[in-house]
Amino acid sequence: RCFHAQEFIPDGGNAIAAAHKDVGDAIGEGLSDDELAKARDLIRRAQMRWDFVDSANGMGFHAPHESARILAAAADMGQQARLAVAQARLERLRKQ
């Protein structure tokens with residue numbers, strides 16, 4: 001099966017948006033910038049990849065496989081960011 005970069009846009013966007021929401025919720029719960037630094041770094045890196053593909057116009061003729069690879073990496077980093085938030089919450093609970 002041939003994959004098209006457009007198939008990965010929702011995955012990456014949804015993962016990044018969910019990670020942003022998780023960080024916002026964690027801030028509301030009182031987690032510090034230091035506790036959320038890893039998650040924020042991953043979100044920043046994921047967002048940069050997603051934005052790059054969106055602005056580079058490589059999804060069509062130019063580089064669809066490379067665009068798909070980059071979008072898949074963005075989705076993965078978004079999910080890693082969500083895990084980093086969960087880990088920060090768990091560490092906070094262990095300290096209490």
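View 1. Asp22 is found in helix α1, which covers residues 9-28; helices (H or I, at least four residues) and strands (E, at least two) are DSSP runs, numbered from the N terminus. The model is predicted, so that local features need pLDDT of at least 70 and side-chain atom pairs count only at pLDDT 80 or more, whereas totals for chains, interfaces and linings use all residues. Residues are numbered from 1 along each chain as its sequence is written, and side-chain values use heavy atoms, with hydrogens and water left out. Asp22 counts as buried because its relative accessibility is 13%, where buried means under 20% relative accessible area, exposed over 50% and partly exposed in between (1.4 Å probe, protein chains only). Its side chain makes a polar contact with the side chain of Arg82 at 2.6 Å; such a contact is a pair of N or O atoms within 3.5 Å, and within protein one must be able to donate a hydrogen and the other to accept it, while residues adjacent in sequence count only if both atoms are side-chain atoms. Residues up to four places away in sequence aside, Asp22 touches Arg82, Val85 and Arg89, contact meaning heavy atoms within 4.5 Å.

**View 2. The largest nonpolar core.** This core has 16 residues, and those with the most contacts inside it are Val23, Leu36 and Val85; a nonpolar core is a set of buried Ala, Val, Leu, Ile, Met, Phe, Trp, Tyr and Cys residues joined through side-chain atoms within 4.5 Å. The elements that give two or more residues to this core are α1, α2 (37-56) and α3, and α3 gives the most, with 6 residues. Not counting residues up to four places away in sequence, Val23 touches Leu36, Ala39, Arg40, Ile43 and Val85.

**View 3. Helix α3 and Ile70.** The 32 residues of helix α3 (residues 64-95) should span 46 Å at 1.5 Å a residue, and this agrees with the 47 Å between its end C-alpha atoms; the expected span is 1.5 Å times one less than the number of residues. Ile70 lies in this helix and is buried, with a relative accessible area of 11%. Leaving aside neighbours within four places in sequence, Ile70 is in contact with Arg49, Phe52 and Val53; the C-alpha atoms of Ile70 and Phe52, 18 residues apart along the chain, are separated by 8.7 Å.
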